Amino acid sequence: MLPLNSDSILDLSLLFDESLSVAPREADEEVLRLFDRHAAPLLRYVASFGLRADESEDIVQEAFLALFRHLRLGRSRRNLTGWLFQVAHNLALKQRRRMQRRATTPWDPAIHERIDPAPNPETQLAWRQRRLRLAPVIHALPARDRRCLLLRAEGLRYREIALTLGMSLGAVAKSLARSMSRLVNADRG
Amino acid sequence: MRYDAPHPSDETLLRGVDGELTDRQRDALESHLAVCAGCRTRMSVMRASAEEVTTAWRDGTAEPALDHMRARLRASLDQRSSELDRSWRFRIAWHLGRVPSVAVAASVTVAFVLGALLIRSAIVRGPFTRAGAPIEAGALPIPALTPGATAPVTADDLCAGRGPVKEEVAPAVRQAVLRDYRMDGLPESDYELDYLITPELGGSSDRRNLWPERYGARVWNARVKDQLELLLPSLVCRGAVDLSTAQRDIAVDWIAAYKKYFHTDRPVTVQARAIREE
C-alpha cells in the first residue's frame with residue numbers, strides 16, 4: 001500500500017511524473033557534491049539580504065532540497081549554479097519581505113563587523129583600509145548593480161548571474177562595467 | 001604603429017578580464033591591446049579593481065561552518081531517498097527501463113491484476129482514510145478583497161526573467177489592505193503581507209493581489225505556500241501548465257492548487273520542519 005505519512009507524499013508525487021529519470025541515491029550524491037561547492041558562497045549571498053544566520057541556513061537548506069527534487073524529476077542540468085542562486089535569491093527576498101526589515105545592502109558594514117576578517121593585524125589593517133575606500137562607492141550603486149558585483153565576486157559566470165537576477169547577459173555585462181568604471185573613477189578622484 | 005580603430009569599451013575590457021568574450025572578440029581585443037598602450041593600462045586598472053572588490057568581499061566574510069548544515073542536509077536526503085527506495089511505485093518505474101520487455105509485460109500484467117484487487121478491496125472496505133489536513137481560519141484570503149491581480153506579461157517573459165519587479169509594498173497600500181482585513185491593529189510579527197499570485201507567475205503589487213497571511217496557521221501557512229510558489233513557475237516554464245491556469249489556480253484557492261500539483265492532501269514540509277526544530 002502507498003505510504004501515506006506526510007513526508008513521503010512529496011516523493012510519491014514525483015513518481016507520477018513521466019520524466020522521472022534519476023535514482024534517488026544518485027541525486028543525493030550530486031546534491032551533496034554541489035553543496036560542497038556552492039554552500040559557502042550561497043550562505044554569504046543570502047546573508048547579504050540582511051537575514052540572520054539561522055534564516056540564511058534554512059534558506060540554503062531549502063534551496064538544496066529543491067535541487068534534489070529538480071534532479072529527481074530529470075529536469076534541465078544546464079546552469080545549475082545559476083538555478084541554485086536563483087532559488088536562494090527568491091527565497092531570501094521572500095523571507096526579507098516576511099520579516100519586514102529595512103533592506104540592508106550587500107556591502108552593509110554591519111554584516112562584517114561581526115566577523116574576524118584576517119589572521120594578523122597587518123592584513124587586517126589593509127583589509128579595513130580597502131573596505132573603507134570601496135564601501136561608499138559600492139553602497140551608492142543601484143541595488144541590482146550591487147548584486148551583480150557581489151555575485152561576480154562569488155565567482156559566478158555572467159550567464160549564472162543573469163539567471164539568478166532575471167537579467168539578460170548583456171545587461172549583466174553592462175551593469176558590471178558601469179560599477180567597475182565608478183570604482184576606477186573613485187580611485188582616481 | 002598608428003591605430004585607427006575605435007578603442008574597446010570598459011564593458012569589453014571587463015569581459016576580457018572575466019573571460020566572457022567570444023573567441024573572435026578576444027582575438028580582436030588582443031590585436032588592439034598589442035598596439036595600444038593606453039588600453040593595456042586601462043585593462044590593468046580594470047583587472048586590479050575587479051580583483052580588489054573580490055578580495056575585499058571574500059576576506060570580509062569568514063568561511064562559514066558548514067559541517068552541521070551538511071549533516072542536516074544529508075539526513076533530509078537520506079530520509080527522502082529511503083522513502084523512495086521502499087516505494088513499490090518507484091521500483092517498478094525504475095526497473096521498467098532496465099529489464100527485458102517480456103519481463104516488463106509480465107510485471108505490468110501482475111501489477112494490473114494486483115491493482116484491480118487493491119481497488120476492489122478499497123471499494124469493499126471504503127476509501128483510504130485520507131481526510132487531508134484541516135484548513136484553519138485565515139489561511140485563505142477573502143476573494144472579494146483579494147481576487148488576485150497580474151501584470152501584462154507572457155510566460156516567455158517570466159521564464160526569461162522579465163517578469164514584474166519585486167518591490168517593497170508602499171505603506172499606503174499596506175495600510176489599505178490591513179484595514180480591509182481589519183488587521184491594522186495587529187503587530188507585524190503576526191502576519192506576512194503576501195502576494196496571492198506570486199510575482200514569479202506575473203502577480204503584481206496591486207492592492208487586489210495582496211493579503212495579510214497569518215503566521216498562526218500551523219498547517220497551511222506561508223512556508224507551505226512558498227513551496228507552491230517554487231513549483232508552479234517551474235511547471236509553467238517547462239510547458240506542463242499554462243500560465244493563465246497557474247495564475248487562476250493559485251488565486252482561486254492556493255491550498256487546492258497545492259493539493260492538485262503536489263498530488264497530496266497535506267503539506268509536504270511537516271517533516272522538514274520537525275527536523276529543523278530538533
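**Figure 1. Chain B reads α-α-α-α-α-α-α-α-β-β-α-α-α-α along its sequence.** That pattern holds twelve helices and two strands. Helices (H or I, at least four residues) and strands (E, at least two) are DSSP runs, numbered from the N terminus. This is a predicted model, in which local features need pLDDT of at least 70 and side-chain atom pairs count only at pLDDT 80 or more, while totals for chains, interfaces and linings use all residues. Residues are numbered from 1 along each chain as its sequence is written, and chains are lettered from A and ligands numbered from 1 in the order in which they are written. Chain B has 278 residues, and 29% of them are buried. A residue is buried if 20 or more other C-beta atoms lie within 10 Å of its own, exposed if 12 or fewer, and partly exposed in between; the C-beta atoms are placed from the backbone. Take the chain B contacts between residues at least 6 apart in sequence: 72% join residues at least 24 apart. Two residues are in contact if their C-beta atoms, placed from the backbone, lie within 7 Å.

**Figure 2. Chain A is built from nine helices and zero strands.** From the N terminus, its elements run α-α-α-α-α-α-α-α-α. Of its 189 residues, 47% are buried. Among chain A contacts with a separation of 6 or more, 74% are between residues 24 or more positions apart.

**Figure 3. The largest nonpolar core has 58 residues.** Such a core is a set of buried Ala, Val, Leu, Ile, Met, Phe, Trp, Tyr and Cys residues joined through C-beta atoms within 7 Å. Leu42(A), Val46(A), Val60(A), Ala63(A), Phe64(A) and Ala88(A) have the most contacts inside this core. Helix H2 (residues 24–47) of chain A gives the largest share, ten residues. Beyond four places in sequence, Leu42(A) touches Val60(A), Ala63(A), Leu84(A), Phe85(A) and Ala88(A). Another core, of 24 residues, lies apart from it; Leu228(B), Val241(B), Ala246(B) and Ala257(B) are among its members. In soluble globular proteins, nonpolar side chains tend to be buried together.

**Figure 4. Helix H8 (residues 158–165) of chain A is mostly covered.** Six of its eight residues are buried. They are Tyr158(A), Glu160(A), Ile161(A), Ala162(A), Leu163(A) and Thr164(A). Gly166(A) follows H8(A), with a positive phi near 65°.

**Figure 5. Helix H2 (residues 23–35) of chain B is hardly covered.** The count of buried residues among its 13 residues is zero. From first C-alpha to last, H2(B) reaches 19 Å, close to the 18 Å expected at 1.5 Å a residue. The expected span is 1.5 Å times one less than the number of residues.

**Figure 6. Glu11(B), in helix H1 of chain B, is in contact with chain A residues.** Glu11(B) counts as partly exposed because 18 other C-beta atoms lie within 10 Å. Met46(B) is 35 residues from Glu11(B) in sequence and 10.0 Å away in space, C-alpha to C-alpha.

**Figure 7. Strands E1 (residues 191–195) and E2 of chain B pair in the antiparallel sense.** Five bridges join them. Two strands pair if DSSP finds at least two bridges between them. Asp194(B) stands opposite Trp211(B) in E2(B). Strand E2 (residues 210–214) is mostly covered, with four of its five residues buried.

**Figure 8. Asn79(A) has a positive phi, near 55°.** Asn79(A) sits in the loop between helix H3 (53–72) and helix H4 (80–99) of chain A. With 16 other C-beta atoms within 10 Å, Asn79(A) is partly exposed. Arg182(B) also has a positive phi, near 55°. Its loop lies between helix H8 (171–180) and E1 of chain B. Arg182(B) is exposed, with 9 other C-beta atoms within 10 Å. Most residues other than glycine have a negative phi.

**Figure 9. Confidence in chain B is lowest in helix H12 (residues 270–277) and highest in helix H1 (residues 10–17).** The mean pLDDT is 34 in H12(B) and 94 in H1(B). pLDDT is the predictor's confidence in each residue, from 0 to 100. Across chain B the mean is 76, and 70% of residues reach 70 or more. Residues 121–131 of chain B stay under 50, with five contacts beyond four places in sequence. Residues 270–278 of chain B are also below 50. Where pLDDT is low, the predicted coordinates should not be read in detail. The model scores ipTM 0.71 and pTM 0.53.
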